[in-house]
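Hi everyone, thanks for making time this morning.

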Amino acid sequence: MLTGKLVLNQSGTPEFVFRVFTNAPEFQALLFTLFLLLYLMIFCGNTAIIWVVCTHTSLHTPMYFFLSSLSFLEICYTTDVVPLMLSNIFGAQKPISLAGCGTQMFFFLTLGGTDCFLLAIMAYDRYVAICHPLHYNLIMTKKLCVQMVMGSLSLALFLSLQLTALIFTLPFCGHYLEINHFLCDVPPVLRLACADIHVHQAVLYVVGILVLTVPFLLIFISYVFIVSTILHMRSAEGRQRAFSTCSSHLTVVLLQYGGCSLVYLRPRSSSSDDEDRQIALVYTFVTPLLNPLIYTLRNKDVKGALRHSIFCKSASHCS
């Protein structure tokens, strides 16, 4: 049953509406303000990282190239979700067409998948830097870095296109279908189909394993070698510096993979749309927000570059 008011449908084609967070106007205003502030913080924080990496030659290294790429993905990722979510907090439930829902799902899956692949690439970069430091510049060339990022995007595009096309070939009965979520995500949309979805759920698990489990295993293997190498270092300062560069990445990995795994790899019998919606808030807002904070607060190079930029701008004598 649909909650709240509904904008009238003038056609017979199926349309989706998102379940409202609350019908209380005071809480709607609070949620709108909170989500808008979080989005602006995500946008500004990640934009700052991209700007600092691009404008400081000392940060023109593979690690910071991947970090700026991750920040760009986080901006696109949240922009695909948050503006539409904000527009549905107030007033009547605003329908989204079948094509519109499919488009949002496609970009959401593509950007999220690329994000997961990129975190695995960043782990490989740390592995080469710590385990093979003398060959680092020979292995992690600019060409290879670009190829790995583009390869991640291409693979995510391919998997997302297949999964989205498969889901939207299903029949959806009725004119208005309420999604118990704030975005067109795969699990809640699948539950609205009026057909057998066992094959589609199996495909979702396979894609989930390819996007989440395989990259996570690669990250785990990389860190086994990294930790082994660090423990054999004679210098305490070297060990501390190596652990410091890895801890930021590991924190982001645990947040991203933990939340996504609970939604996409958990058995349907032990999950609910309400739980999925709450978990999705974590990887929609918390992870993209913490990404620039974690890398800024725990990285001396980025902190130094930010301080230098702010000081130079305030002093107005930067070269």
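Helices α2 (62–87), α3 and α8 each supply at least two residues to the lining of the second largest cavity. Please keep in mind that this is a predicted model. Which helix gives the most to that lining? That would be α8, with 4 residues. The second largest cavity holds about 100 Å³ of space, and 12 residues line it, the closest to its centre being Met63, Met122, Arg126, Thr245 and Tyr295. By class, its lining divides into 5 nonpolar, 5 polar and 2 charged residues.

Now to the largest cavity. Searching the whole structure turns up 3 cavities of 30 Å³ or more, and the largest has a volume of about 240 Å³. Among its 18 lining residues, Leu109, Gly112, Gly113, Val211 and Tyr264 are the closest to the centre. Two or more lining residues come from each of α3 (98–131), α5 (142–167), α7 and α8. Here the lining has 13 nonpolar and 5 polar residues, with no charged ones.

Let's finish with two of those helices. How do α7 and α8 pack? Helix α7 (residues 198–231) meets helix α8 (residues 236–264) at an angle of about 160 degrees, with the axes 11 Å apart. Because of that angle, α7 is roughly antiparallel to α8. The crossing is left-handed. Contact residues include Val211, Phe216 and Tyr223 of α7, and Phe243, Leu250 and Tyr264 of α8. By class, this contact has 19 nonpolar, 2 polar and 1 charged residues.

How values were computed. Residues are numbered from 1 along each chain as its sequence is written. This is a predicted model: local features need pLDDT of at least 70, side-chain atom pairs count only at pLDDT 80 or more; totals for chains, interfaces and linings use all residues. Side-chain values use heavy atoms; hydrogens and water are left out. Axes are lines fitted to C-alpha atoms, for helices over the stretch in contact, and angles run from 0 to 180 degrees between N-to-C directions. Angles under 35 degrees count as roughly parallel, over 145 as roughly antiparallel, 65 to 115 as roughly perpendicular and the rest as oblique. A crossing is left-handed if the near helix is turned anticlockwise from the far one by less than a right angle, and right-handed if clockwise. Contact means heavy atoms within 4.5 Å. Ala, Val, Leu, Ile, Met, Phe, Trp, Tyr, Cys and Pro count as nonpolar, Asp, Glu, Lys and Arg as charged, and the others, Gly among them, as polar. On a 1 Å grid over the protein atoms alone, a cavity is a set of points where a 1.4 Å probe fits but cannot get out, and a pocket is an open set with protein on both sides within 12 Å along at least five of seven lines; lining residues have an atom within 4 Å of a point. Grid points are joined across faces, edges and corners, and a volume is the space filled by probe spheres set on the points.
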